[in-house]
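Please consult the sequence and the structure shown below alongside the text.

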Amino acid sequence: REERLKNALRQVGAGLLDRTEDVADCTHCVVEVPVKRTVKLCIAVSRAQHIVTAEWAEACMKAGALVDEGPFAIKGTVSSAPGAASKWSFSPQDALRRAAEGPCLAGCAFLLTQSIAPKPEDMALIIQSAGGKVVPDLPTKSSAADDPMRYFAVSCAKDQVCASADRHVSRGVLLAPRCACDSPHCLIYPLCNLSRFELSQAAVKALKKDGHKVLMAEDILLAVIQQSSARLPGRR
């Protein structure tokens, strides 16, 4: 069905954005019901003008032209499936309205640890589509004193563990190996081609000492899907 609908949309003049990195340019996000919180949906909710069911594509195919989106818009609140590991809900119409008022992550910068889900490359696209920045390092408390940007580290339970016993020990604290950038927070994966690093408990403490908040990846996904940064704390 998916390929048939794609071909039908092409025939009526619609452009299709199959690559995840291109989704930020979309005007319409076509979803199946029940709605799944995919990476593409999390990107599209910040940029699209319409979130519609696949029946819209069917109607376009039958009409031989693009038809009005209104009857096919996702209305009301959609939620995660019962028993799903991640609990979420949002109103697509409310989210699109908020997105039109301005990017929900504007003024926020995020450093991503390597084991988050979605993977760092996809999370970066989600954040950037919502107006946020992804940074390879976080400033110290003194250097960010007059910086209006809100800084966060985005992590997950897997990354927030002490480094394993085979890592070297410094001042009684287990540390991950230092990375090539040699930055003060080199325990953190900086979205580049460096080796794998974990966010150790020592690094978490250092970040908090510098006034930065350590969030779970789920916090970012919920903020974006609902188009509200209210759940994100201030930098201090």
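## Backbone features

Pro118 is found in the loop between strand 5 and helix 5. Helices (H or I, at least four residues) and strands (E, at least two) are DSSP runs, numbered from the N terminus. The model is a predicted one, in which local features need pLDDT of at least 70 and side-chain atom pairs count only at pLDDT 80 or more, while totals for chains, interfaces and linings use all residues. Residues are numbered from 1 along each chain as its sequence is written, and side-chain values use heavy atoms, with hydrogens and water left out.

Most residues other than glycine have a negative phi, and most peptide bonds are trans. The peptide bond from Ala117 to Pro118 is cis, and a cis bond also joins Val33 and Pro34. Pro34 is placed in the loop between strand 1 and helix 2. Gln227, in the segment after helix 7, has a positive phi and is not a glycine. The angles are listed here.

| Site | Angle | Value |
|---|---|---|
| Val33 to Pro34 | omega | about 5° |
| Ala117 to Pro118 | omega | near 0° |
| Gln227 | phi | near 55° |

Gln227 is buried, with a relative accessible area of 5%. Here buried means under 20% relative accessible area, exposed over 50%, and partly exposed in between (1.4 Å probe, protein chains only).

## Overall architecture

The secondary structure comes to 7 helices and 10 strands. Of the 236 residues in the protein, 46% are buried. Contact means heavy atoms within 4.5 Å. Among contacts between residues at least 6 apart in sequence, 60% join residues at least 24 apart.

An open sheet of 4 strands has the order 6-5-7-10, with parallel pairing. Its edge strands, strand 6 (133-134) and strand 10 (213-216), each pair on one side only. Two strands pair if DSSP finds at least two bridges between them. Strand 5 and strand 7 are paired over 5 bridges, with Cys108 opposite Arg150 in strand 7. Strand 5 is joined to strand 6 by 2 bridges, and Phe110 has Val134 as its bridge partner there. Between strand 7 and strand 10 there are 4 bridges; Phe152 stands opposite Lys213 in strand 10.

In a regular strand the side chains alternate between the two faces of the sheet. Both faces of strand 5 are covered: Cys108, Phe110 and Leu112 are buried on one side, as are Ala109 and Leu111 on the other. Because 5 of the 5 residues of strand 5 are buried, this strand is largely enclosed by the rest of the structure.

## Nonpolar cores

A nonpolar core is a set of buried Ala, Val, Leu, Ile, Met, Phe, Trp, Tyr and Cys residues joined through side-chain atoms within 4.5 Å. The largest one has 43 residues, and Phe110 and Ile220 have the most contacts inside it. Elements that give two or more residues to this core include helix 4 (92-101), helix 5 (120-129) and helix 7 (217-225). Helix 7 provides the largest share, 7 residues. Leaving aside its neighbours within four places in sequence, Ile220 is in contact with Phe110, Met123, Ile127, Val154, Leu215 and Leu232. A second, separate core of 10 residues includes Leu9, Trp56, Ala59 and Phe72.

Helix 2 is largely enclosed by the rest of the structure, because 7 of its 9 residues are buried. These are Val39, Leu41, Cys42, Ile43, Ala44, Val45 and Ser46. The buried residues of helix 2 pack against several elements, among them strand 1, helix 4 and helix 7.

## The largest pocket

The lining of the largest pocket comprises 28 residues, and Lys6, His28, Cys29, Val30 and Val31 lie nearest the pocket centre. Helix 1 (2-11), strand 1 (28-31), helix 2 (39-47) and helix 3 (54-63) each supply at least two lining residues.

Thr53 lies in strand 2 and counts as buried at 12% relative accessibility. Beyond its neighbours within four places in sequence, Thr53 is in contact with Val30, Val31, Val33, Phe72 and Ile74. Glu2, in helix 1, is exposed, with a relative accessible area of 53%. Glu2 and Ala54 are 52 residues apart in sequence and 8.8 Å apart in space, C-alpha to C-alpha.

Technical notes:
1 Å grid on protein atoms, 1.4 Å probe; cavity = no way out; pocket = protein on both sides within 12 Å on 5 of 7 lines; lining within 4 Å.
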